[in-house]
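Here are my notes on the model you passed along, as numbered points. Have the viewer open while you read.

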Amino acid sequence: MALRILVVDDDDRTVETVSMYLAHAGFEVITCSDGTRAVELVRQQAPALMVLDLMLPGLNGFEVCREVRQESAVPIIMLTARATEDDTLKGLGLGADDYLTKPFSPRELVARVQAVLRRNGLTGSQRVADLEIDRDRRTVSVAGRPVDLTATEFDLFNLLVRSPGRVFSRAQLVEHLRQGDDDVLERTVDAHIMHLRQKIEPDRANPRYLVTVYGVGYRFNEKPADA
């Protein structure tokens, strides 16, 4: 499954060029041309990253960044024709991850996208004890043995591994898995965790990686005592 990138710009030529280069790099691309719709798409489509122009009709890029950051940690690369230091500092202060001034090289933008995704743990590989997750290939292995995960199991496992020690409530995990599917329930999350433990844990009755936080949800233990 390709990582989904949201491109927000009201210049058709920019959108077309950026989309072409990102698609060629292996990403799934969705686009829109106004700030209000961008906020909706972040909620509905859960992109891995957003490329966000500052000069937009309706909500401008700063306003979009502010609204999105209230409910999402999606990485944001801002685009602007204004190269002032104040704009740069304001964008970064609102939570943008990177900043690119127009006109820019589409190849540089793709490189920036890949770099930001790596920094946010959305690409590349990660090893914890005898577990290894390869996000580019969407594979997981235990002690060198490949583990067959469904797409949903991989997405859930990847979310937990990216934030070791963080406790995710069942409601948060439901929202992560939902992405337009209103039928996802908390017991669905519990079922996926059970299946992951069967495939990953040495002893699923005493999990050392996927730990239950009673009354709250689950967390990934990056330093299992017996690993």
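1. Some ground rules first. By nonpolar core I mean a set of buried Ala, Val, Leu, Ile, Met, Phe, Trp, Tyr and Cys residues joined through side-chain atoms within 4.5 Å. Buried means under 20% relative accessible area, exposed over 50%, and partly exposed in between (1.4 Å probe, protein chains only). This is a predicted model, so local features need pLDDT of at least 70 and side-chain atom pairs count only at pLDDT 80 or more, while totals for chains, interfaces and linings use all residues. Residues are numbered from 1 along each chain as its sequence is written, and side-chain values use heavy atoms, with hydrogens and water left out.

2. Now the overall picture. The protein has 8 helices and 12 strands; these are DSSP runs numbered from the N terminus, with helices being H or I of at least four residues and strands E of at least two. Of its 227 residues, 44% are buried. Taking contacts (heavy atoms within 4.5 Å) between residues at least 6 apart in sequence, 55% join residues at least 24 apart.

3. Which residues touch the most other members of the largest nonpolar core? They are Phe157, Leu173 and Phe220, out of 25 residues in that core. The elements giving two or more residues to this core are β7 (131–134), β8 (139–142), α6 (151–162), α7 (170–178), α8 (186–200) and β12 (217–220). Helix α6 has the largest share, 6 residues. A second, separate core has 23 residues, including Ala38, Met50, Leu59 and Leu94. As background, nonpolar side chains in soluble globular proteins tend to be buried together.

4. Phe157 deserves a click. Skipping neighbours within four places in sequence, Phe157 is in contact with Leu131, Ile133, Val140, Leu196, Ile200, Leu210 and Phe220. Phe157 counts as buried because its relative accessibility is 1%.

5. On to the rings. A pair of aromatic rings is described by the distance of the centres and the angle of the planes. Rings of Phe, Tyr and Trp (its six-membered ring) pair if their centres lie within 6.5 Å; planes under 30 degrees apart are stacked, over 60 edge-to-face, and the rest tilted. That rule gives 2 aromatic pairs. Phe157 and Phe220 are edge-to-face, at 6.0 Å centre to centre with 85° between the planes. This pair links distant parts of the chain, with Phe157 in helix α6 and Phe220 in strand β12, 63 residues apart. Phe220 is buried too, since its relative accessible area is 1%.

6. The other pair, Tyr209 with Phe220, is stacked: 6.1 Å between centres and 10° between planes. Tyr209 lies in the loop between α8 and β11 (210–213), 11 residues from Phe220 in strand β12. Both Tyr209 and Phe220 are buried. Phe157, Tyr209 and Phe220 form one aromatic cluster.

7. What about empty space? Rolling a probe the size of a water molecule over the atoms shows where it is left. On a 1 Å grid over the protein atoms alone, a cavity is a set of points where a 1.4 Å probe fits but cannot get out, and lining residues have an atom within 4 Å of a point. Points are joined across faces, edges and corners, and a volume is the space filled by probe spheres set on them. The count is 1 cavity of 30 Å³ or more, and the largest cavity holds about 30 Å³ of space. Its lining is Gln126, Val128, Leu131, Glu132, Ile133, Phe157, Val161 and Phe220. Strand β7 gives the most to this lining, 3 residues.

8. Lysine 102 and proline 103 are joined by a cis peptide bond, omega about -5°, and proline 103 sits in the loop between β5 (98–101) and α5 (106–119). Arginine 138, not a glycine, has a positive phi of about 55°; Arg138 is in the loop between β7 and β8. Alanine 143 also has a positive phi, near 55°, in the loop between β8 and β9 (145–147). Ala143 is classed as exposed because its relative accessible area is 58%.

9. Last stop, valine 216, in the loop between β11 and β12. With a relative accessible area of 39%, Val216 is partly exposed. Leaving out residues up to four places away in sequence, Val216 touches Val167, Phe168, Ser169 and Arg170.

Key:
1 Å grid on protein atoms, 1.4 Å probe; cavity = no way out; pocket = protein on both sides within 12 Å on 5 of 7 lines; lining within 4 Å.
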